[in-house]
Amino acid sequence: MSGRRVVVLGGGAAALAAAFELSSGDDWQSEFESITVYQRGWRLGGKGASGRGAHGRVEEHGLHMWFGFYDNAFHLIDRCYTELDRAEDVPIRTVEDAFEPASTFVLTEHRPDGWEPWVATFPEDDRRPWRRNPGPPTLWELVIRALELALAQVRAAGSGDTPIDPGLRLRPVAADHEDGVRVTPVLPHRRGPGFFGAALGASRAALRAGSAVRELSDEMIGTAITAALATAAALDADPDTDDEGVRKALGVLVDEAAAMARARLPGVIDDSPSLRRQWYLIDILLACVRGVLVDDLFTHDTDAIDHVDFVDWLVSHGASEESARCPLITATVYDMAFAYRDGDPRQPACSAGTALRGLTRLFFDYKGALAWKMRAGMGDVVFAPLYEVLRKRGVRFEFFHRVDSLHLSADGTRIEEIRVTRQLDPRDPDRPYEPLVRVEDLPCWPAEPRWEQVVRPDHVGAEDLESYWSTEAEAGTVVLRDGTDFDDVVLGIGVGALHTVCADLVRHSPAWKAMVEGLGTVWTQAFQLWLSRAPEDLGDLAPGAVTAGFTEPFDTYADMPQVIPRESWGGRVKGVAYFCNAMPTPPGAPDPAEEGVRERADHEVFLEAVQFLDTEVDQLLPAATHRYPPGFRWELLVGDGTATGARRFATQYWRANVDPSDRYVQSLPGTSALRIRPGDSGVANLYPVGDWTDCGLNAGCVEAAVTSGMLASHALSGRPSLDGVVGHDHLRGPQ
């Protein structure tokens with residue numbers, strides 16, 4: 001035997017990232033005899049899988065975008081495209097071809113008079129997330145940048161620089177700047193008492209005036225924040241060596257500034273939407289800084305506030321309830337992360353520590369653009385090239401292999417046996433399954449298997465191959481044994497399925513039992529529309545943007561015109577619209593014997609989508625509805641068949657993501673401590689990977705998944721070095 005044999009169970013982002021790193025380098029086969037990926041059904045991607053349906057249309061699990069701080073994910077896929085070196089006739093050959101910037105978001109705000117859009121336009125720069133960049137901001141840099149941004153907002157509000165649609169400039173630029181480069185303000189005598197005393201004295205006098213709160217000026221609040229910035233600049237970023245007195249002075253200044261901002265806020269609530277939103281942002285930023293200081297996160301790190309919900313944390317540190325629950329927070333922390341217990345919109349819940357880490361990187365660490373949209377399906381842009389590269393390297397893929405259970409050795413120290421169901425047999429046993437098809441010259445995953453390559457029983461459909469509940473596709477059992485078929489196991493199956501797949505491990509290990517039972521997961525729902533008119537012709541306020549914070553049951557909407565050229569409509573389609581949200585989720589583990597779960601959930605999504613289009617979508621696309629009789633213009637939907645009215649929706653695409661492995665992994669308060677590190681499973685030959693592991697971000701996203709896969713590869717092979725895994729310890733450990 002020339003080396004260890006690795007089996008990778010599952011084909012999502014984390015599993016493939018691990019396989020990619022393990023097989024990096026021309027000599028990887030001198031260390032590993034084999035790397036074999038076992039995948040249920042016919043396609044890779046996990047929760048990010050997509051398929052090509054009628055007319056080559058992209059059919060997704062939901063709305064997928066990559067944020068501009070996804071350093072590890074972008075760097076990996078850039079390496080993948082570079083190595084793949086596709087032919088010139090392939091329309092997506094590089095990471096530059098694959099992604100385009102998305103810098104405009106619409107945050108919907110429900111006011112007494114109805115819905116108000118908050119159009120947030122984030123500035124772009126010439127950096128790119130797939131290039132190596134400086135590491136993410138430290139906690140001290142976060143404090144500085146938050147104060148700078150608060151000061152910039154105060155000055156903008158005071159100068160009347162509040163156009164109807166100002167957007168949000170969340171990459172702060174101080175008042176003293178050259179060519180747009182941020183310069184931290186440095187004031188004279190910043191350690192002296194005179195300046196601080198004057199600022200504090202003026203603010204306290206105004207606050208004591210009670211009814212004279214109106215005397216508070218934006219200039220006074222700006223003075224207090226400026227003093228706080230100067231004090232922060234005087235401190236050493238190392239809490240063990242800085243001046244404790246100066247740190248206390250900083251806390252006092254931030255308290256004073258926050259108190260003045262809170263007193264100022266009620267006076268601007270009804271002045272104008274723009275002014276109100278600027279003061280929401282000031283209130284939130286100062287609460288974050290105050291929380292960092294009061295909770296001494298420099299010493300205790302962000303895990304110290306993991307047990308608290310983020311909004312509760314903001315309010316406990318002075319933010320008003322209205323600011324803390326404004327659309328910016330609701331959309332970014334809760335809606336986009338499906339952060340609702342059991343999918344119930346009345347139960348928002350997200351760990352303050354996880355939220356603070358994520359928001360720091362989202363707003364202060366993005367490169368090029370806040371977000372990046374894929375120019376085709378995620379399966380086409382990410383998982384098809386990864387498959388092609390891994391296959392070329394010599395990694396083996398066993399499609400149509402459903403992992404049923406892992407079993408421990410008698411002493412509980414190793415995975416001894418893996419039981420797998422072979423779902424379908426190949427027509428030609430001597431030829432590997434070829435999963436990809438070409439759509440508009442691009443290699444893609446089809447929405448159904450390539451049936452001509454497999455032996456298909458009459459009763460088996462595509463849905464049986466990806467269903468937790470279906471037992472229709474079972475051609476035989478494969479038993480993999482430690483020391484014979486594998487030496488190491490990379491476990492890349494979603495945590496929602498582990499109560500069954502890892503039942504032996506859960507019974508044996510209190511840590512695994514706590515994680516599997518304690519981590520929150522939630523169903524999600526999505527639908528897509530193909531329209532005969534472009535959204536801008538239907539009244540879309542911000543064509544090409546993503547809208548979040550809207551009403552239930554589909555609170556997130558995205559205009560996705562960039563995928564149309566990669567589909568085969570012959571000019572019939574002018575617009576593509578994606579909608580998604582969390583979905584009410586029954587508590588407890590799913591029962592494998594319960595039938596019809598997916599069918600009932602899909603039908604519920606169908607009914608909810610039809611109702612939503614008929615009654616709510618006019619707020620987003622006014623011209624997509626009739627004024628009388630009121631309702632959606634179903635004739636706008638492009639698809640085959642002659643159905644009319646609401647029945648025309650049946651020509652579109654919708655799905656409920658209810659399979660245990662498809663459940664979205666949440667970051668509920670108090671659950672980070674339950675997560676297991678990819679290199680510390682407690683079982684010698686087991687390496688768990690996924691966004692459900694303890695990987696740094698600890699949030700449901702592709703960056704967390706890729707980071708987890710990289711950490712597992714490091715534990716197995718030493719590749720990559722920990723220095724090459726961006727953000728795995730971000731804001732964790734003493735700052």
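A residue is taken as buried when its relative accessible area is under 20%. In the predicted model described here, Cys326 is buried, since its relative accessible area is 2%. Cys444 likewise counts as buried, at 0% relative accessibility.

The cysteines were then examined for disulfides. A disulfide is a covalent bond between the sulfur atoms of two cysteines. The cysteine sulfur closest to that of Cys326 belongs to Cys288 and lies 11 Å away, which is too far for a bond, because a disulfide requires the two sulfur atoms to be within 2.5 Å. For Cys444, the closest cysteine sulfur is that of Cys80, at 14 Å, and this separation is again too far for a bond. The count of disulfides in the model comes to 0.

The buried residues of helix 12 are Pro327, Leu328, Ile329, Ala331, Thr332, Val333, Tyr334 and Asp335. Strand 2, formed by residues 32-38, has 6 of its 7 residues buried, so it too is largely enclosed by the rest of the structure. Strand 2 runs parallel to strand 1 (residues 4-9), to which it is joined by 6 bridges. Within this pairing, Leu9 stands opposite Tyr38 of strand 2.

Helix 4 (residues 139-158) and helix 6 (residues 218-234) pack with their axes 9 Å apart and at an angle of about 160 degrees. The two helices are therefore roughly antiparallel, as angles over 145 degrees are counted in that class. The crossing of helix 4 past helix 6 is left-handed. On the side of helix 4, the contact includes Trp140, Ile144, Leu147, Leu151 and Val154, while the residues contributed by helix 6 include Ile221, Gly222, Ile225, Ala228 and Leu229. An α-helix has 3.6 residues a turn, so residues three or four places apart point the same way.

The second pair consists of helix 7 (residues 244-268) and helix 8 (residues 273-294), whose axes are 9 Å apart and which pack at an angle of about 155 degrees. Helix 7 and helix 8 are thus roughly antiparallel to each other, and helix 7 passes helix 8 in a left-handed crossing. Residues of helix 7 that meet helix 8 include Leu250, Val254, Ala258, Ala261 and Leu265. Among their counterparts in helix 8 are Leu275, Trp279, Ile282, Leu286 and Leu293. Arginines also take part in this contact, including Arg262 and Arg264 of helix 7 and Arg276 and Arg290 of helix 8.

An open sheet is formed by 3 strands in the order 11-12-17, with antiparallel pairing. Strand 11 (401-408) and strand 17 (476-481) are the edge strands, each pairing on one side only. On average, neighbouring strands of this sheet are turned by 20 degrees against each other, direction ignored. The antiparallel pairing of strand 11 with strand 12 (residues 415-422) extends over 7 bridges, and Ser405 stands opposite Arg419 of strand 12. Strands of a sheet pair through backbone hydrogen bonds, either parallel or antiparallel.

Backbone geometry was examined last. Most residues other than glycine have a negative phi, and most peptide bonds are trans. A cis peptide bond is found between Glu552 and Pro553, with omega about 5 degrees. Pro553 belongs to the loop between strand 20 (546-548) and strand 21 (556-559). The peptide bond from Tyr628 to Pro629 is also cis, its omega being near -10 degrees. Pro629 is located in the loop between strand 23 (625-626) and strand 24 (631-632).

Positive phi values occur at two aspartates. Asp85 has phi near 50 degrees and is placed in the loop between helix 2 (71-84) and helix 3 (95-98). With a relative accessible area of 56%, Asp85 is exposed. At 38% relative accessibility, Asp342 counts as partly exposed.

How values were computed: Residues numbered from 1 in each chain as written. Predicted model: local features only at pLDDT ≥ 70, side-chain atom pairs only at ≥ 80, totals over all residues. Heavy atoms only, no water. Pairing = 2+ DSSP bridges. Helix = DSSP H or I, 4+ residues; strand = E, 2+ residues; numbered from the N terminus. Axes fitted to C-alpha atoms, helices over the stretch in contact; angles between N-to-C directions. Buried < 20%, exposed > 50% of the residue type's maximum accessible area, 1.4 Å probe, protein only. Parallel < 35°, antiparallel > 145°, perpendicular 65-115°, else oblique. Left-handed = near helix turned anticlockwise from the far one by under 90°. Contact = heavy atoms within 4.5 Å.
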